[in-house]
Each structure stands twice: as structure tokens, then as C-alpha cells.
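Reader: I'm new to this one. Could you walk me through it, feature by feature?

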Amino acid sequence: MANRSSNSQQVRRTGGINPTVVGAVFLGICILIAGLNIGGGLRKLNKTITDTEFASTSTVNTPSEMTVNQKKYLTEKEAGEYLNLSTDKILELISKGEIAEYVKTETGYSISVTILDAWFDNEAYQMKIKNNSIPEPEDDE
């Protein structure tokens, strides 16, 4: 048999999994779990901060909360100014039934801004149809 140096030792492998690979996989799984926990915590923190800041201290009005002059109902004079019409025209629209929803008060009418907006949108739509309509061809006989 050959003489071997006393400093060298023979490494014996008997099979199985390399411990370095097992350690690396275990470390990778731990890092992944920690990252997911940190990400979830940040999302919860961000949601809490957003809900707290904007729910309690927000003074910004969303479009559904906005009103004209901080009123939801206007007198016929204010309605005329809002729609750029005369007060007489507003009274005429009420008497014709074109503005059908209002409240008669001791001093005049109270009309919802929502109703005025709906009337205006309808008038704008009717004007658009009228302006975009194609005239019927005339019969030349």
C-alpha cells in the first residue's frame, strides 16, 4: 500500500444531501418569509395612515359633496344666476312644468341644484341633437 502523508485526511461521503445546499435553501426560505412579513406590515401601515389622515382631517370636497354657495337648494333668482337665465325664465320653466321638482315657500321657490343640473343637461342634449341632425332630403318632383 502506498504511504500517505499524515496531514491529509480522506473525506468520506456516504451519500445524502450536501449540508451547504440545505443551509442555503433554509436561509432562502427564511429571507422570503421575512420579506413577505415586512411587505404585509408596510401595506397595513400605509392603509392605516391613509385612512386616519384623510378620514379625520380631510377638508377636500368630493364632487358628490360640492354644492353651489354651500347650498343644495336655490331660490328662483339664484337658480337663474346659476343657469345664466333670468328669474322670469326660471318662473316660466316652473309654470310650464319643465322644472317639475321644487318647493313652494312663503317667499318663492326652492329648487334643487341637482334638478337644475338635470334640466340643463337635458337642454344641452336636445341642442346637440338639433344641431347634429341631418335634414331630410327634399323631393324634387
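Reader: What share of the contacts in the protein between residues at least 6 apart in sequence join residues at least 24 apart?

Author: Contact here means heavy atoms within 4.5 Å. Among contacts in the protein between residues at least 6 apart in sequence, 47% join residues at least 24 apart. Keep in mind that this is a predicted model, where local features need pLDDT of at least 70 and side-chain atom pairs count only at pLDDT 80 or more, while totals for chains, interfaces and linings use all residues. Residues are numbered from 1 along each chain as its sequence is written, and side-chain values use heavy atoms, with hydrogens and water left out.

Reader: How many helices and strands does the secondary structure come to?

Author: Helices (H or I, at least four residues) and strands (E, at least two) are DSSP runs, numbered from the N terminus. The protein has four helices and three strands, and from the N terminus on the elements run α-β-α-α-β-β-α.

Reader: Okay, the strands. In what order do they sit in the sheet?

Author: The general idea is that strands of a sheet pair through backbone hydrogen bonds, either parallel or antiparallel. Two strands count as paired if DSSP finds at least two bridges between them. Here you have an open sheet of three strands in the order β1-β3-β2, with antiparallel pairing. β1 (73-75) and β2 (103-104) are at the edges with a single partner strand each, so one side of each has no neighbour in the sheet.

Reader: How many bridges join β1 to β3?

Author: Three bridges join β1 to β3 (residues 109-112), and the two strands run antiparallel. Thr75, for example, has Ser110 in β3 as its bridge partner. On the β2 side, β2 and β3 pair in the antiparallel sense over two bridges, and Lys104 stands opposite Tyr109 in β3. β2 and β3 also form a hairpin with four residues between them, and Gly108 in that turn has a positive phi of about 150 degrees.

Reader: Is Ser112 buried or exposed?

Author: Buried means under 20% relative accessible area, exposed means over 50%, and partly exposed is in between (1.4 Å probe, protein chains only). Ser112 is in strand β3 and is buried, with a relative accessible area of 16%. Leaving aside residues up to four places away in sequence, Ser112 touches Lys72 and Tyr73. For the protein as a whole, 12% of the 141 residues count as buried.

Reader: Now the helices. At what angle do α2 and α4 pack?

Author: Two packed helices are described by the angle between their axes and the distance between the axes. Axes are lines fitted to C-alpha atoms, for helices over the stretch in contact, and angles run from 0 to 180 degrees between N-to-C directions. Helix α2 (residues 76-83) and helix α4 (residues 113-132) pack at about 40 degrees, with their axes 11 Å apart. That makes α2 oblique to α4; angles under 35 degrees count as roughly parallel, over 145 as roughly antiparallel, 65 to 115 as roughly perpendicular and the rest as oblique.

Reader: Which residues make that contact?

Author: From α2 there are Ala79, Tyr82 and Leu83, and from α4 there are Val113, Leu116, Asp117, Trp119 and Phe120. Asp117 counts as partly exposed, at 31% relative accessibility. Asp117 and Leu83 are 34 residues apart in sequence and 8.5 Å apart in space, C-alpha to C-alpha. α4 also lies across β1 and β3, running at about 65 degrees to β3.

Reader: How do α2 and α3 cross?

Author: The axes of α2 and helix α3 (residues 87-96) come within 8 Å and cross at roughly 105 degrees, so α2 and α3 are roughly perpendicular to each other. Glu76, Lys77, Ala79, Gly80 and Leu83 in α2 meet Thr87, Ile90 and Leu91 in α3.

Reader: And what is the phi of Asn84?

Author: Most residues other than glycine have a negative phi, and most peptide bonds are trans. Asn84 has a positive phi of about 60 degrees although it is not a glycine. Asn84 is in the loop between α2 and α3 and is exposed, with a relative accessible area of 70%.
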